[in-house]
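Here is a short briefing on one protein structure. Look at the sequence and the model first, then read the points below.

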Amino acid sequence: MALLVELLDHASRGSGRVVVALVAVGFILNILFWSTKYRTVSGSPVAGRKWWFEPLIFTRYRFLLNGWAVTRAGWDQYGDRIFTIARPDSTITVVPPRYLDELQNLPDTKLNGIQALAEDMGDEYSGISILKDTHLTFNVVRNKLTPKMPAIITPLLEELEDALKLELPDSKEWVAVDLGTIITRIVSRLTTRVWVGKELSRNDAWHTDNIRTTENIFITAILLRFVPPVLHPIVGALLPTRRRIRKGIQKVQSYLVPLIEKRRRRQAELGTVAEEEDDVLQWLMDGASEEESGAENLAERYVYSVIGSLYTVSGALTDCLFDLAEHAEHVEPLRQELRQVMAESGGKWERGTAAKLVKMDSFMKESLRTNAPSPFSQKRIVKEELRLSDGVKLPAGAYVCMIDQSAIGRGPDKFDGFRYAGMRQDPGFMTKYQYTSTDRDHLTFGHGRLACPGRFVASLEMKMVLAAMLERYEVSFHPSGKGGVRPQKIQLLELAFHNPATRVYLRQRTKE
């Protein structure tokens with residue numbers, strides 16, 4: 001994903017100079033005015049503030065480039081109490097994990113997670129506000145897609161086989177590749193196959209248009225975090241990425257709207273849904289309200305709904321492959337487990353195959369623990385004042401979150417890919433330490449009522465891709481296949497990205 005390249009490109013072009021100028025204006029405005037986008041808990045300390053009298057503007061822009069360090073320092077100093085993180089665009093209230101049980105299942109009328117997501121991702125300026133005030137996609141993934149996972153195994157395997165041939169190098173010599181981009185396109189193909197069917201999953205232009213559009217959504221959201229809310233209408237109007245989003249949405253609609261209309265005509269003729277059309281798009285069509293049911297609306301909703309699938313899954317897969325290269329002692333045990341499980345199932349993927357890959361599941365969870373995309377989780381907007389069990393009041397209009405402790409290094413230092421496989425030897429912990437499990441120590445997927453519903457399908461897709469890569473490819477950080485240094489992620493605000501300039505080396509394995 002060329003996210004950081006795009007951000008740097010903005011700084012070098014005319015439109016970028018306007019944005020930089022506006023950031024400078026925002027810097028001055030923030031010296032004079034405290035951001036009022038979100039309220040905070042009275043008396044809560046501000047993480048990263050050097051002195052009590054330090055102008056908050058310096059604290060805010062310190063977080064821009066040192067967000068992870070500020071979060072880590074805040075946790076170390078105030079982790080057992082509520083504290084504030086000052087971001088250039090907002091103030092965030094961090095609550096300790098002891099409140100998790102009483103907050104996790106509160107309704108949207110009290111704590112709204114979708115609103116927090118939308119406002120973090122640019123809201124009306126990126127277009128993601130279309131997801132506000134609705135649980136359509138969430139409910140479809142949780143109630144329809146997840147229960148039907150066994151039925152998508154064969155289509156996913158078929159799609160993966162085609163994707164590997166198209167996206168990966170056909171060479172037994174070491175070849176430099178942009179692994180992040182390759183994995184993103186493979187995940188796009190898998191996602192498309194499950195969501196809208198084979199017709200578009202094999203359309204290369206579709207993937208290019210969809211990925212570019214989601215990239216522009218991310219860029220818009222991040223650039224808006226550089227400046228205070230008072231400047232968002234101005235910056236949002238000037239950002240070229242916002243215009244690209246509109247054009248991208250129109251391109252996606254040009255693919256999906258005819259497909260939706262064709263399905264509706266066919267269903268009217270047949271009086272039922274064709275078996276090959278029993279997919280996520282169809283479930284969205286069936287579950288949409290009158291307001292949501294327009295073909296253009298459903299097509300636009302698709303773009304924002306698959307962002308997590310595209311970039312969370314592809315980022316996690318890239319991390320896993322980097323970890324395999326860095327911790328090569330795990331490779332052969334993982335291959336042995338894969339051979340054993342596949343032999344038990346007659347050499348094919350079945351309903352329970354993924355669950356039997358306990359070591360692979362553990363490796364994925366350890367990779368996630370050491371490569372979390374953000375330390376923030378359980379992000380919510382407080383809709384009405386909440387009095388917690390100890391009397392603390394969360395004011396209406398506050399943005400609250402919890403810290404994923406593993407993301408800031410508050411866990412074992414050494415990478416042990418089979419850590420969780422060992423823990424699961426205890427019969428009482430067979431499910432507690434799965435990749436998809438959540439608790440107060442593992443919050444990457446959230447926890448409770450709004451925990452990520454797509455994590456189960458993501459886990460299945462990741463295991464399929466990792467299995468194929470283990471069987472067929474080797475990964476290295478050096479063209480000789482030995483040594484080399486793992487590429488470092490770029491940390492910006494509370495986010496972490498793979499450097500888009502990174503190149504690693506792949507080669508096909510010699511068949512044993």
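Helix H16 contributes four residues to the lining of the largest pocket, the most of any element. The model is a predicted one.

**The largest pocket**

- The largest pocket holds about 600 Å³ of space.
- Its lining is made up of 28 residues, and those closest to the pocket centre are Thr370, Asn371, Ala372, Ala407 and Gln491.
- Two or more lining residues come from each of helix H3 (56-78), H16 and helix H19 (358-370).
- Sorted by class, the lining of the largest pocket contains nine nonpolar, nine polar and ten charged residues.
- Empty space of this kind is found by rolling a probe the size of a water molecule over the atoms.

**Helices H9 and H16**

- A pair of packed helices is described by the angle and the distance between their axes.
- For helix H9 (residues 179-195) and helix H16 (residues 307-326), the axes come within 9 Å and cross at roughly 130 degrees.
- Because of that angle, H9 counts as oblique to H16.
- The crossing of H9 and H16 is right-handed.
- On the H9 side, the contact with H16 involves Leu179, Gly180, Ile183, Thr184, Val187, Ser188 and Thr191.
- On the H16 side, the residues that meet H9 are Ser309, Leu310, Tyr311, Val313, Ser314, Leu317, Thr318, Leu321 and Phe322.
- The contact of H9 with H16 has nine nonpolar and seven polar residues, and no charged ones.

**Helices H8 and H9**

- H9 also packs with helix H8 (residues 149-167): the two axes come within 9 Å and cross at roughly 150 degrees.
- The crossing of H8 and H9 is right-handed.
- H8 meets H9 through Ile152, Pro155, Leu156, Glu158, Glu159, Leu160, Asp162, Ala163, Leu164, Leu166 and Glu167.
- The H9 residues in this contact are Ile182, Arg185, Ile186, Arg189, Leu190, Arg193 and Val194.
- Eleven residues of the contact of H8 with H9 are nonpolar and seven are charged, with no polar residues.

**Helices H8 and H21**

- The axes of H8 and helix H21 (residues 455-472) come within 11 Å, crossing at roughly 40 degrees.
- That angle is why H8 is described as oblique to H21.
- H8 passes H21 in a crossing that is right-handed.
- From H8, the contact uses Met149, Ile152, Ile153, Leu156, Leu157, Leu160, Glu161 and Leu164.
- From H21, the contact uses Phe456, Val457, Leu460, Glu461, Met464, Val465, Ala468 and Arg472.
- The contact of H8 with H21 is made of 13 nonpolar and three charged residues, and no polar ones.

**Gln508 in strand S12**

- Gln508 is part of strand S12 (residues 504-508).
- Which residues does Gln508 touch, not counting residues up to four places away in sequence?
- Gln508 touches Pro169, Asp170, Ser171, Lys172, Arg472 and Tyr473.
- Gln508 and Glu474 are 34 residues apart in sequence, and their C-alpha atoms are 6.4 Å apart in space.

Conventions: Residues numbered from 1 in each chain as written. Predicted model: local features only at pLDDT ≥ 70, side-chain atom pairs only at ≥ 80, totals over all residues. Heavy atoms only, no water. Axes fitted to C-alpha atoms, helices over the stretch in contact; angles between N-to-C directions. Parallel < 35°, antiparallel > 145°, perpendicular 65-115°, else oblique. Left-handed = near helix turned anticlockwise from the far one by under 90°. Contact = heavy atoms within 4.5 Å. Nonpolar A, V, L, I, M, F, W, Y, C, P; charged D, E, K, R; others polar. 1 Å grid on protein atoms, 1.4 Å probe; cavity = no way out; pocket = protein on both sides within 12 Å on 5 of 7 lines; lining within 4 Å. Points joined across faces, edges and corners; volume = space filled by probe spheres on them.
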